[in-house]
Amino acid sequence: MNPSITRRDLLQGLAAVSGGSLLGSSAVAQTAKPAWPSKPIRVVVPFNAGGATDIIARTVGEVLAKRTGQPVVVDNKGGAAGILGTDAVAKAPADGHTLLLSLSTSMLINQFLYTKLPYNPQKDLALVSQIAAAPVTLVVHPSVPANNMKELLAYVKANKGKLSYGSWGVGSYAHLAGAYMSKTMGADMTHVAYKGEAPMIQELIGGQLQLCFSSALNTKPFIDSGRLKAIGVTGKQRMDILPKLATIHEQGVTDDAYSIFGWVAMGAPAGTPKEIVDQLYAHLREIGKDPKVLERIAGAGFMPMMNSPQAFCENYQRDMPVWKSLVEAADAKLD
């Protein structure tokens, strides 16, 4: 009677016949998995230190360093609306040790603003995760006789050529949304671009402007003190730091231009191995559960997301035509 053949006997026999290829291929598969991170991680922020994006990068980087056992160095590489730093990451080795933490401006919108962008965000960047949504507030000078979005639109329409709106730069959301409002209402509003939000807000408080879109981080103190009047919030979800302020969408004005929002996201050079991207996202997913991280993100006027690479890609493809149409409507070109 022949003895029964066990699974172990079969594997050993097959391995002998094939020269150990089965066991060998398994070992190769295990060793082929990228050893990440094997050295310090550099997170490039394409904006100057001290801003909200920088704060989030340092907050996330601090926890990521603890989880990976490798230092995480935040490298502020500001200039040219985020182009310099983003381009540096796009051209970096795709090994997961150089990452990008930036805004929708440099990762999406710039491709429609510049005809000679040195990188193609759709081809040169791997999308890892949207860290946080960045909706903004719409505020007006207290003298403007409007308390909600529909009243404001009616006022804008009735005062053709008499009103001014501010932005923190040509091509910014504040510029694009203001231009969209002006065009759709036939208002012929004057656009005034500033170097940053702070001077814009001061001009609005002083009455040189009538309205602007701006981050809650900058507007909340003046909303609370009554020096500015809040009309609404972009996106479709209320902000934690201004829970009583309704979204523009809630108010029945459902144009994509006001429902869309910017974001803070992490990317990597295109070609970064999927295994590394997945490992990185697994860390970010857990970091997104840290109460201190959530508190800092909310405190910066953002809303935590920490979504998956797939969800990020889907959102990117959904939002892209909206941003493109806003740029075209504003006739905004920067080169």
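Okay, let's start with the lining of the largest pocket: its residues split into 26 nonpolar, 18 polar and two charged. Here Ala, Val, Leu, Ile, Met, Phe, Trp, Tyr, Cys and Pro count as nonpolar, Asp, Glu, Lys and Arg as charged, and the others, Gly among them, as polar.

Quick housekeeping. This is a predicted model, where local features need pLDDT of at least 70, side-chain atom pairs count only at pLDDT 80 or more, and totals for chains, interfaces and linings use all residues. Numbering runs from 1 along each chain as its sequence is written, and side-chain values use heavy atoms, with hydrogens and water left out.

So what's a pocket? On a 1 Å grid over the protein atoms alone, take points where a 1.4 Å probe fits; a pocket is an open set with protein on both sides within 12 Å along at least five of seven lines, and lining residues have an atom within 4 Å of a point. Volume is the space filled by probe spheres set on the points, which are joined across faces, edges and corners.

The largest pocket comes out at about 1,100 Å³. It has 46 lining residues, and the closest to its centre are F47, T53, L103, W168 and E197. Which helix gives the most to that lining? That's α5, with five residues. Helices here are DSSP runs of H or I, at least four residues, numbered from the N terminus.

On to the second largest pocket, at about 190 Å³. Its lining has three nonpolar, one polar and four charged residues; among them are K236, D256, R318 and D319. α14 (309-330) and α11 (256-259) each supply at least two, and α14 gives the most, with three.
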